[in-house]
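How do two chains come together, and what lies where they touch?

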Number of protein chains: 2
Amino acid sequence: MSRKQFRTLADPAEARETIDALELGGGSEVVDLQEAHGRVLAERVDAELDVPGFDRAAMDGYAVRARETFGADEADPVTLDLAGVIHAGEEPDVTVEPGTCAEISTGAVMPEGADAVVIVERTDETEREDGETGIEIRTAVTPGDSVMVAGADIAAGTRAVGPGRQITPREIGLLSALGVDRVPVRAAPKVGIISTGEELVRPGDNLDSSRGEIHDVNSYTVAAGVEAAGGKPVVYPHAGDDIEELERLLRTAADDCDLVLSSGSTSASAVDVIYEVIEDKGELLLHGVAVKPGKPMLVGRLDRSGGGQSAYIGLPGYPVSALTIFRTFVAPAIRDAAGQPEPAAATTSGEMAVEARSEAGRLRLLSVGIVDDGSGRRLVYPVDKGSGATTSLVEADGVVAVDPDTDYLAAGESVTVQLFSPDVEPPALLGIGEDDPALNELLDGLSSVRYLPTGSREGLRRLRDGLPDLAVVAGPVDGDHGAASVGSWHREWGLLVPEGNPDEIDGLGELVDRDVRFINRETNSGLRTSLSNALAELADERDVSRHSLIESIEGFEATVKAFESPARRVIEGRTDVGLGLRTTADKHDLGFVSLGDQRVDLLINLERTEKPAVERLEAVLQELPEECSSLSGYRFPGE
Amino acid sequence: MSRKQFRTLADPAEARETIDALELGGGSEVVDLQEAHGRVLAERVDAELDVPGFDRAAMDGYAVRARETFGADEADPVTLDLAGVIHAGEEPDVTVEPGTCAEISTGAVMPEGADAVVIVERTDETEREDGETGIEIRTAVTPGDSVMVAGADIAAGTRAVGPGRQITPREIGLLSALGVDRVPVRAAPKVGIISTGEELVRPGDNLDSSRGEIHDVNSYTVAAGVEAAGGKPVVYPHAGDDIEELERLLRTAADDCDLVLSSGSTSASAVDVIYEVIEDKGELLLHGVAVKPGKPMLVGRLDRSGGGQSAYIGLPGYPVSALTIFRTFVAPAIRDAAGQPEPAAATTSGEMAVEARSEAGRLRLLSVGIVDDGSGRRLVYPVDKGSGATTSLVEADGVVAVDPDTDYLAAGESVTVQLFSPDVEPPALLGIGEDDPALNELLDGLSSVRYLPTGSREGLRRLRDGLPDLAVVAGPVDGDHGAASVGSWHREWGLLVPEGNPDEIDGLGELVDRDVRFINRETNSGLRTSLSNALAELADERDVSRHSLIESIEGFEATVKAFESPARRVIEGRTDVGLGLRTTADKHDLGFVSLGDQRVDLLINLERTEKPAVERLEAVLQELPEECSSLSGYRFPGE
């Protein structure tokens, strides 16, 4: 085994400088105006024509010689002959001679002779003595009134929009007015993305778990990040650990792209391969950075077949690490190369809901979630499931940068959270507790909810600590939990067995007495608590210790995480009996041995009952029995 | 002329309700994960598989039976036999029997028998007496250490992401891990866009200004806005004012789209046409809203050929009005239909730099620009060039909503600005003053600069009022301007004449004495000031009044806006002589009669000299002589 270690880690500032010194493209291209939205102007655009190109009526009304309206008012109007009508989009065929006016539409060309427009609201049509139409002008105007002269908006030769300006609908408006339909924009740097690892399989393809295959998370994730930063992602097939294959892929990407990003193969054991390729076929500028997560970052250059080099950055393999390093170091460099502005500073402050420990000597980018307590405090809690966990990607709202000199954040300490984007809002409702199919329906009816299905016990514990708004607790709730129940239901629980119940299991006694394999749920689960209580009753009946019963159940300590997990083990034949719900058994056509009904309680933090999302929760609860009509073994209040 | 007026304007809340009641699509579609970035999940996605799908080594090291490491430490290591090696992506072919361990890579499948991993850093390879490799374990581990058990990240059957969630790179990460490559997302409402008006020409096509043609600004502008709101824009050919053509186009769009947006034809004179179509071939729900700009809004429905109706909203024709109404009323409805979250509240507060008047009875959405004064104050100033001006699209940063009951905002009053987007930052430097080709080069070197070329006099006036950071003044500067000059140059000015100077103009006297047509610049222009001074000298020489000289110049009062405008008039043959710069004459191969050199001064507000952008300006000034080497008639300091 390779014993390479990261002995001299670069500090983050050095890593940033090294990346800044890479060339990530640049240059410009010309695109259709319709495709230019969001791009950045590469050159100044000057007006090539006057806008408007002619003296233009700015209102509906009558084109007049202003001098002839002097003195006109409501009491003493001036009457002019109507010489003609001018619509927008046509050449005037009328001249406004003294004593006349011309009806004119907004946007039409001012006729010869006229120098102002009287708006229609200050005029009246009258019939003159000779039967001709006359126009009564009831206000005085001065030359230029309600007329936009040629070039008044923007004159030919004027600087219209400068380089570096991002093209929003407003710039599209001005460029349209100038007749510009092709726009010089900063070229999007082309970024090649290569995930490495023999075990990777593209999403959509089947996994062979016995070989340890997993889906490739980083390719599409990083591609989306590249796109958001203004780059053009190119996703290459993932590479195994074969050095020749990897070298070929990196070379292909280097030939085509301004920047090549790999992910994975940077850990101590696999690093040699990619390290060797970069050293051999390019240059390695930096290896390892003092940041957590993300230590094993590589920065360098790759030789191109035809000469020259592309930039290269190696991201860690774990998704949270890869995305953190991408966001912190790579995205700013891509934005810079694309000329894209840095997004608006997206930070929020709050106080740590619990303590968090860090590690001296490395900048810690601590993933955190946020919840508002409903009375003005914003609580921040770590989301630290290890960088291998992909769920932590969506359970966090941002990161707290913990200085290398700080090894401890105390509960209550004020912190600044760098949000993942300016649009990140803390969830309107944070729930923690039991997982349950009816609850899933309930959550679907709430917008902006975050639910962490870590089990009833954990929900109750965190609720007591004041973190979530909602705890969902299945089974008996002990003691004073300092919370308000806003709703509840009952669910039928018991033993899941193969279809037709081939082992003829008819109760808990069989698990104890017979040679069947069982699969349990984790200790945090309310189902497990109810099972333990039922075993205690059985022990009383039999007058033995509960411990001795448990010792007789093969697999009692084997636990799985979610309410469906035992069912899947039974279906796969990996166990004979699992702990679960009637509705799960029915869904999967399994046999079911009922052990009772269990109450599921929705407990709200007493200080959060006024939060709008709690009201919304109560409203959605009214509809829940209907939404859950397909679930078997459920009873709702009033049913 | 139609005398229809907007007698009963809906208030903005009513307009919003009417639009909310329209059906703008909805439904869902399934897209590739790679295309899902930015879309909104239509349904809950549950995990269909355990992640990871197997017990997985979380670190590089050795898979062991934890029990066998109990008691091991640095001083007293345990040595185990090496039973084999397991890499990621392969099925273990080794069982960890008592007394043995297996080398294992991060991500590899845990072998039979092992229940923990000892990280490589706490081990050493040793050679045993029998020549075999032994592994010294220098720490104790407990079962599960450095192992991620199957389903620990997310277990099959668990709710992974809920409906309504916007898909960012983080959600793409979790969905990838779950193997999901096709994602159910909210359908983007299809929005048809039709600009109306005989005078419209697509950007890129030539204009016939004599017919009053202008470029169609709204189609692409609104299309970009629709896209940003999560809709799918379909731009139709623009319609003239012919009722049958318009009806056909509206019907086509209604058949294809969820919402049809027209712009234009809503003013009093043109409204009848579109009004008639909507009333005849659909229903009109609302006509006119009490908001400025944007009063003439229509809301209704259009019948489809095959039955059913599409939603319809008629926007005003003027670009600023159209975009304001779109942003205020239409974009939120599109976002809602697309399930897109409202963007983060983007507001800033500041104080009015000058007073602004409004109009009672209508909500005023006052376009404003923002500038920071460098010492903590944020100044807000109206950008009100009339809704017909397209330049005001890019000169504003947001709007101040002025209540219908308020008709006056005082200078110094605190206001809240709704920024056009959360990313809007006030320009780093605001300049006002003379337009000049060398200045354009200077501005190109500054990022985030806004320059309003309203002439030297206006620049000086606004600088005295304390608005801009920079005033650019050409020609003599009178009195104490309370500013610091950070740079200057000289430019040669004079008379522009056709190539070869056919009229043999040799000075100002010719303009007075001969029958030639002249074109002047606006009174705010520094060129005009220098011209006036030169005429005053000529009057002295001739011992006549300046006024009498001016009276003798045909066209002295005819003014155009920008430094290139007179040249273009000369080229077009619309005038014989224009006021301008040598460099403009050379650029357009015109003849030039020099009248002197004029100094151009860059004056900085004394209170803003510390702004970073001012320092940047001084740096760019150093490079300016080189950048301007192609400009003739320029002299820079030190040259």
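Between chain B and chain A about 8,900 Å² is buried, and carbon and sulfur atoms give 53% of that area; buried area here is the accessible area (1.4 Å probe) that two parts lose on being put together, summed over both. This is a predicted model, in which local features need pLDDT of at least 70 and side-chain atom pairs count only at pLDDT 80 or more, while totals for chains, interfaces and linings use all residues. Residues are numbered from 1 along each chain as its sequence is written, chains are lettered from A and ligands numbered from 1 in the order in which they are written, and side-chain values use heavy atoms, with hydrogens and water left out.

The contact (heavy atoms within 4.5 Å) takes 113 residues from chain B and 113 residues from chain A. Because 100% of the interface residues of chain B are also interface residues in chain A, the copies meet through the same surface.

Six salt bridges are counted between chain B and chain A, each being a side-chain nitrogen of Lys or Arg within 4 Å of a carboxyl oxygen of Asp or Glu. One of them joins the side chains of B:Asp444 and A:Arg44 (2.8 Å, N to O).
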